Amino acid sequence: MPSIPPPPPQTLVHSLASLQAPPRERSIVTWRDSSGEHTAQLQDRTLVGSAAESAIVIADPTVSRLHAEFHFDERGLWVRDLGSRNGTFVENVMVREARLETGSTIRMGGTTLKLGSEMTTDGAAPLWPAHRFGPLVGGSVAMRQLFACLAKFAATDLAVMIQGETGTGKELVARAIHDASPRKEGPFVIVDCAAIPDALFESELFGHVKGAFTSAVATREGAFEAADGGTVFLDEIGELPIAMQPKLLRVLESRMVRPVGSSEHRRVDVRIVAATHRDLRTMVNAGAFREDLYFRLAGVPILVPPLRERPEDIPLLVEHILGRAPSAELLAATLDRPWLGNVRELRNFIERARAVGAQQALQMAGHHGTGTASPSATMRAAAPISSNTTAAINPASLKAISFQQSFREFRDQWLEVGEREYLSRVLAQHSRSIAAAARQAGLDRTYMHRLVRKHLL
């Protein structure tokens, strides 16, 4: 189904002005540090730390540079520690993540923040007037707010960092930004950082000259030169090797590249859009990702909501994927599953239902009619697996998974075990052929390489 372009700018201004979200009670925090007393209003996601680039800057040497994050979801306001040096405490209890109530006290290092509230219309997010933005589909408030944000920042040249769970459509968001930008006539070049061997990163990004290394039989331009006048999309930027990060930072600051084996610097005119499912702030605190590169890439942070937080979008997505209205049986089935693999899992299910029928697709997906699905059932939804690969997950693999942690951490660990078991079995079935395993799993070969590199190498 062809995508619908965004309305012209003059239409957008009037539409967004008339579709403001209603005034609401907003959360604020107050604190005292070495520079005095402060009050700050919390946005949907608010980074707290001693780094000057943080949304809330605390002048306290015991506070990590990227210490914690406040964020909202359908359950309320949460605070999450980002692997800080001295920890985050709620009511004097050390937490990784905790839900907050008005009046809660949050201690970060030696500074205590007090949570309060106020009524305001400031910061009310505008809503996009349509259910689509380029290749993206969604009528929920969360998605229409996202579309309005994309429209606003697509017109700029700011670097964009797209974060979201696997399968939420981060590449489509990047494409939508490019297509709505002044660079839309230029190239859109994708660099999959998870699929590039460490030794080839510099050549892939910046190119090489003939003879630069053993296999360099001809001069080759890199992604940045290929995208001149357009956009470079750095997918899974969290996989970028630490040794490569200062080189990328220099290019972002100078807008000059030097191909491997060359002494010549070449100017490039590109916009950077990056994406990751990993938490780069935690990686910064762990020394796995450079802080200066993070802030250079995250000029505009974009969070793509998971499908479970916007179930009202499922009928729209099903119709969009099918190209027609779904049957009542199929629609009921899609509304009765948690879609832990997000839109990618939904798409795989719909494509299978189109090929073999809704009932058989449900059976292949391990449907139980309970409104829930186990992570192993979700894994099986990706492809029909023969009987010798459908054994339950090895119980020994689950021993390291603690139930004494947040649901998000539990879910991520469970899915990691499920993915690893699935990959091991499907690869064994095909004598470790990546191409054959990818075909059976219904995955792109590059993505299969990424999963194997993540879980099995």
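Colleague: What should I know about the model and the numbering?

Modeller: It is a predicted model, in which local features need pLDDT of at least 70 and side-chain atom pairs count only at pLDDT 80 or more, while totals for chains, interfaces and linings use all residues. Residues are numbered from 1 along each chain as its sequence is written, and side-chain values use heavy atoms, with hydrogens and water left out.

Colleague: How many helices and strands are there in the chain?

Modeller: The chain has 17 helices and 20 strands. Helices (H or I, at least four residues) and strands (E, at least two) are DSSP runs, numbered from the N terminus.

Colleague: And how much of the chain is buried?

Modeller: Of its 457 residues, 49% count as buried. Buried means under 20% relative accessible area, exposed over 50%, and partly exposed in between, with a 1.4 Å probe and protein chains only.

Colleague: Which contacts are we looking at, by sequence separation?

Modeller: Taking contacts between residues at least 6 apart in sequence, 62% join residues at least 24 apart. Contact means heavy atoms within 4.5 Å.

Colleague: On to strand 16. Is strand 16 enclosed or open?

Modeller: Strand 16 (residues 231-235) is largely enclosed by the rest of the structure, because five of its five residues are buried. Thr 231, Phe 233 and Asp 235 point one way, and Val 232 and Leu 234 point the other way.

Colleague: What does strand 16 pair with?

Modeller: Strand 15 (residues 188-192) pairs with strand 16 in the parallel sense over five bridges, and Val 191 stands opposite Leu 234. Strand 16 also pairs with strand 19 (residues 271-276) in the parallel sense, over four bridges. There the bridge partner of Leu 234 is Ala 274. Two strands pair if DSSP finds at least two bridges between them.

Colleague: What is the strand order in the open sheet of five strands?

Modeller: The order is 4-3-5-6-9, with mixed pairing. Strand 4 (56-57) and strand 9 (97-100) are the edge strands, each pairing on one side only. Within the sheet, strand 5 (residues 68-73) and strand 6 (residues 76-81) pair in the antiparallel sense over six bridges, with Ala 68 opposite Asp 81.

Colleague: Now helix 9. What do its buried residues pack against?

Modeller: Ile 314, Leu 317, Val 318, His 320, Ile 321 and Leu 322 are buried in helix 9 (residues 314-322). The buried residues pack against strand 12 (132-133), strand 13 (136-137), helix 10 (328-334) and helix 11 (342-356). Just after helix 9, Gly 323 takes a positive phi of about 85 degrees.

Colleague: At what angle do helix 9 and helix 11 cross?

Modeller: Roughly 50 degrees, and their axes come within 10 Å. Contact residues include Leu 317 and Ile 321 of helix 9 and Leu 346 and Ile 350 of helix 11.

Colleague: Which non-glycine residues have a positive phi?

Modeller: Among them are Glu 91, at about 50 degrees, and Arg 255, at about 60 degrees. Glu 91 is in the loop between strand 7 (88-90) and strand 8 (93-95), and is partly exposed, with a relative accessible area of 44%. Arg 255 is in the loop between helix 6 (245-254) and strand 17 (256-257), and counts as partly exposed at 28% relative accessibility.

Notes: Axes fitted to C-alpha atoms, helices over the stretch in contact; angles between N-to-C directions.
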